[in-house]
Amino acid sequence: MHTLTEGRGLLFGGDYNPEQWPEEVWAEDAELMRAAGVNLVTVGVFSWARLEPEPGRLDFGWLDRVLDLMAANGIAVDLATPTASPPPWLGHRWPETLPVDEDGHRLWYGSRNQFCPSSPVYRERALEIVTALADRYAGHPALALWHVGNELGEVCHCDVSAAAFRAWLQERYGDLGTLNEAWGTTFWSQGYGDWAEIVPPRRAPYIINPSQRLDWWRFCSDALLGQFLAERDVLRARTPGTPVTTNFMGLFKRLDYWSVAAEEDVVANDWYPEPGNPLTPARTALTHDLMRGLAGGRPWLLMEQATNGVNWRPHNLPKPSGQFRLESLQAVARGADGLCYFQWRASRFGAERFHAAMVPHAGAETRLHAEVRAHGQELRRLAEVTGEPVPARVAMVFGWESWWALEERGRPSDRLNAVDQLLDYYVPFFERGVSVDVVPPSGDLSAYALVVVPNLFLVGDEDAAALTAYVRAGGVLVVGPFSGVVDPWAQVRTGRFPAPLREVLGASGEEWLPAPEDRPVRCRWSGGPKIGPKIGAEIGPEIGAEFGARVWTELLESEGAEVVAEFAEGDLAGRPAVTRHRSGEGVAWYVATMPEPAALAELAGKALADAGVSGVLPGLPVLPRGVEAVRRGEVLFLLNHGTESARVPIPEAAEDLLTGSPVKEHVTLAPRAVAALRPLENGAA
Ligand code: GAL
Ligand code: ZN
């Protein structure tokens with residue numbers, strides 16, 4: 001990332017698709033880009049048919065002119081490999097490159113993404129065009145970054161994929177006996193006697209073997225990773241100094257982003273926050289924190305966002321004035337060094353004619369483009385945060401394998417989902433201005449005072465041992481329900497649950513008990529911990545006070561843990577709902593239900609007190625409604641996502657980098673307003 005931002009500061013720009021426009025328009029594009037402070041554009045994402053109109057015939061002339069134009073205007077190019085959308089000739093001549101769904105239907109060209117990730121023909125043709133592109137533009141002054149494909153996520157159930165799946169399984173299990181055991185195929189007469197019998201999970205009469213499906217998820221993810229690596233290697237060999245990225249899609253299920261992030265130079269994300277949902281600011285913050293985690297704490301790139309309404313929701317709410325700026329600055333606050341949009345100029349034709357852009361159909365003399373220009377210019381004022389980290393003392397554990405394993409058919413309740421659970425636990429930290437890092441189950445936890453595991457249905461022995469060791473060494477751990485349930489083969493860990501965490505939690509259970517949904521389950525704070533240093537105005541709930549929980553309960557017993565909350569009705573009355581256990585130097589919490597938001601917020605407060613962590617505004621245990629607070633480097637970002645003005649006391653006198661004005665004691669933020677406060681030296685407020 002550093003090589004990209006050096007001399008440029010924060011990156012600003014978008015997807016630039018000049019192939020949709022006559023060349024006369026390009027000159028105007030370049031001029032407008034300069035006026036808006038654009039310094040990075042992504043070119044060529046969907047240009048395969050234009051670059052290679054028929055197999056082997058290459059036409060690079062137009063792209064030469066685009067790159068030259070960008071270079072002449074000092075605009076860096078994020079050059080895409082065009083492999084996300086093969087030309088019609090590929091599917092026409094080699095139909096086996098077209099993907100097949102689980103019903104056996106082939107998906108045709110006429111849209112995009114029509115390729116089978118395991119197809120050798122696709123791979124060969126893709127690498128040919130990637131090689132030609134890299135050979136041609138190696139050393140071009142505009143080339144700053146490689147963008148592999150687009151939003152990798154394809155899945156294919158064809159026979160070629162089936163063969164690749166078998167090869168992958170052979171590698172993993174060696175022999176069929178081991179596979180049969182791992183998949184538990186004595187159940188429902190599924191024993192395999194020949195590798196050739198194994199197929200992807202295709203449409204079947206009833207629930208498919210969850211262990212087979214888990215391996216299929218892994219295989220599909222690996223197949224996409226394989227495509228990424230193949231392209232990356234071609235690029236690296238020819239342009240070793242040019243970083244390589246691919247654009248993620250937030251919490252996207254099919255591809256294990258931890259595995260890809262480890263192999264790329266820059267982490268990039270596409271993010272289109274859902275308008276009108278009150279949880280959107282928190283969900284967006286969580287996604288940004290995940291990107292920072294994927295980047296190992298280093299800056300990342302917001303590759304695509306929208307200036308206004310998108311076109312792919314059924315009813316596309318526009319963004320009020322100031323909204324895209326707010327969203328963009330939220331990403332800056334959470335570690336993004338680049339703020340890019342889909343796309344530069346709104347298309348006249350094609351499926352995305354009605355998607356917002358930086359230059360709308362109505363042209364540059366518009367309200368929207370004026371805001372784009374102003375935003376590009378104001379980003380210069382934030383140049384000093386470029387490269388700066390977002391320090392966090394709290395980590396949340398999230399892994400794709402557990403996500404895949406959890407959300408299969410045939411479990412006690414489909415109301416307990418990985419991402420919802422993650423967001424539920426994230427919200428109280430967001431509302432307190434406590435920064436959170438997202439880490440993988442195998443991540444290094446030593447830097448964190450508090451580690452939250454909202455759900456880890458699948459946990460490996462080593463990861464469970466690492467969580468235990470983390471607590472013993474002084475960490476505070478919070479574990480959510482239905483965790484530690486299965487092993488890496490999706491087989492239930494027998495004994496009292498959560499078997500591999502039972503000791504550290506000092507509590508264990510014997511039944512998972514989904515609850516009626518017509519009303520909350522009554523729970524009560526039952527005494528609980530005399531916890532360490534109280535933080536700010538932190539006041540625990542009164543003992544005996546009741547709260548509600550949803551959907552999920554467990555029959556639990558303390559094995560040494562304090563019972564912090566208990567169920568207050570039915571057969572579970574008086575049984576633990578939340579426990580807290582001192583283990584070694586640390587503390588481990590277990591939450592055996594899904595407490596309503598207010599109760600989860602209490603719980604987060606208690607765990608934070610255990611860990612001695614407070615938010616970035618220590619005087620305010622909870623931020624004013626709608627306000628987000630996060631510190632990047634030295635700069636304190638305050639963002640108002642609410643519909644009302646908010647007055648926020650600030651810890652020290654500062655300069656607002658966005659306005660250049662000094663502020664002290666407090667700032668007042670109108671709706672959608674942002675302050676970026678750099679403390680003044682010796683400036684206590
Ligand atoms: C992204 C994609 C872009 C464009 C955009 C529209 O998912 O990468 O090419 O389709 O969505 O919102
Ligand atoms: Zn296929």
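Buried or exposed: which is C158? I looked this up in a predicted model. C158 has a relative accessible area of 5%, and buried means under 20%, so I noted C158 as buried.

**Zinc site**

I then listed the protein donors of the zinc ion (ligand 2). They are the SG atoms of C116, C156 and C158, together with OG of S161. Their distances from the zinc ion run from 2.1 to 2.8 Å.

**Ligand 1**

Which residues surround ligand 1? I found F46, R112, N150, E151, D270, Y272, E304, W312, F342, E352 and H355. Sorted by class, this shell holds five charged, four nonpolar and two polar residues.

Next I looked at polar side-chain atoms beside the oxygen atoms of ligand 1. For E151, I noted a polar side-chain atom 2.5 Å from an oxygen atom of the ligand. For H355, the corresponding entry is 2.6 Å, again to an oxygen atom of ligand 1. For N150, an N or O atom of the side chain is 2.8 Å from a ligand oxygen.

How much of ligand 1 does the protein bury? Taken alone, the ligand exposes 310 Å², and the protein buries 94% of that.

Definitions and conventions: Residues numbered from 1 in each chain as written. Chains lettered and ligands numbered in written order. Predicted model: local features only at pLDDT ≥ 70, side-chain atom pairs only at ≥ 80, totals over all residues. Heavy atoms only, no water. Near = heavy atom within 4 Å. Polar contact = N/O pair within 3.5 Å; in protein donor to acceptor, adjacent residues only side chain to side chain. Areas by Shrake-Rupley, 256 points an atom, 1.4 Å probe, with all protein chains shown as cover. Nonpolar A, V, L, I, M, F, W, Y, C, P; charged D, E, K, R; others polar. Donors = N, O, S within 2.8 Å, 3.2 Å for Na, K, Ca; no water. Buried < 20%, exposed > 50% of the residue type's maximum accessible area, 1.4 Å probe, protein only.
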